[in-house]
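Here are a few friendly notes to read alongside the model. Please keep the viewer open as you go.

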Amino acid sequence: MQILSEHLAFGGRQRFYQHDSAETGLPMRFALFLPPAPRALLVFLAGLTCTEETFTMKAGAQRLAAELGLALLMPDTSPRGAGIPGESESWDFGVGAGFYLDATRQPWASHWRMESWLMNELIPQVQRETGLTRTGLFGHSMGGHGALTLALRHPGRFGSLSAFAPIAAPMQCPWGQKAFSGYLGDDRAAWAAHDASALMQAQTTPPYPRGILIDQGLADKFLAEQLHPEAFEAACAAVGQPLTLRRHAGYDHGYYFIASFVDDHLRHHAKTLVG
């Protein structure tokens, strides 16, 4: 892991890294905040158009993370530099946005392996390097989708789970439909394996008995068409999964919203991960 830069912050160290990924076949970047006395690892997955710098610089999470002993791992959101036509048009889903899955259709399948990069390579490597095995997962928008789906697809890997404005039912929204058809083809069974609401509906017991936290702004312009938190809420209710879904009047989809409530998420994870 090559350190690109390091900065002191709240008694800890904010580092930015790059490493050559065997899973994606490309250089991948990530940020890692190490508090003065780390006790657990918390992974944040950012959303569309973001990088490893976005949450790191905009959320204001380091101060409380340092107090709670939470190391923060912030990966980049997508492979970069593969030279595929349309790769940089990430606002138009299906042509570049990572979506936290492994693509099975070309030309994306060779490099767009975000799930394998995170679960098989980056997170285990950071856990080994830091000695932190207790790990929580959260994210925003596309990253909220990634947090919910990866936690449900890999039972036992994460001790705590939360999300900001997640794409909670991607099979039902234009963003998800375009990404899934572009990366996975037309097999809707393959889509369901990466849909948080469908994955929750398939559970036989509550996977997170200590609860999942979701915050959603009611002034979010993507809420009605793209996010569908009510679908995930219904799925949780059907299987008895404790869910705190907080709806906030006036808040939109951006980082002012995240910064307003990030402390609640850090405490939610710390309650399980560090006691």
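This is a predicted model: local features need pLDDT of at least 70, side-chain atom pairs count only at pLDDT 80 or more; totals for chains, interfaces and linings use all residues.

1. Residues are numbered from 1 along each chain as its sequence is written, and side-chain values use heavy atoms, with hydrogens and water left out.

2. Have a look at Gln241, in the loop between α9 (229–239) and β9 (243–248); helices (H or I, at least four residues) and strands (E, at least two) are DSSP runs, numbered from the N terminus. Gln241 is buried, with a relative accessible area of 4% (buried means under 20%, with a 1.4 Å probe and protein chains only). A polar atom of the Gln241 side chain lies 2.6 Å from the backbone oxygen of Tyr208. Not counting residues up to four places away in sequence, Gln241 touches residues including Met200, Pro206, Pro207 and Cys236 (contact means heavy atoms within 4.5 Å).

3. Gln14, in strand β2 (residues 12–20), is buried too, at 5% relative accessibility. What does its side chain make a polar contact with? The partner is the side chain of Gln62, at 3.1 Å (a polar contact is a pair of N or O atoms within 3.5 Å; within protein, one must be able to donate a hydrogen and the other to accept it, and residues adjacent in sequence count only if both atoms are side-chain atoms). Leaving aside neighbours within four places in sequence, Gln14 is in contact with residues including Phe33, Thr56, Gln62 and Met74.

Note on methods
Buried means under 20% relative accessible area, exposed over 50%, partly exposed in between (1.4 Å probe, protein chains only).
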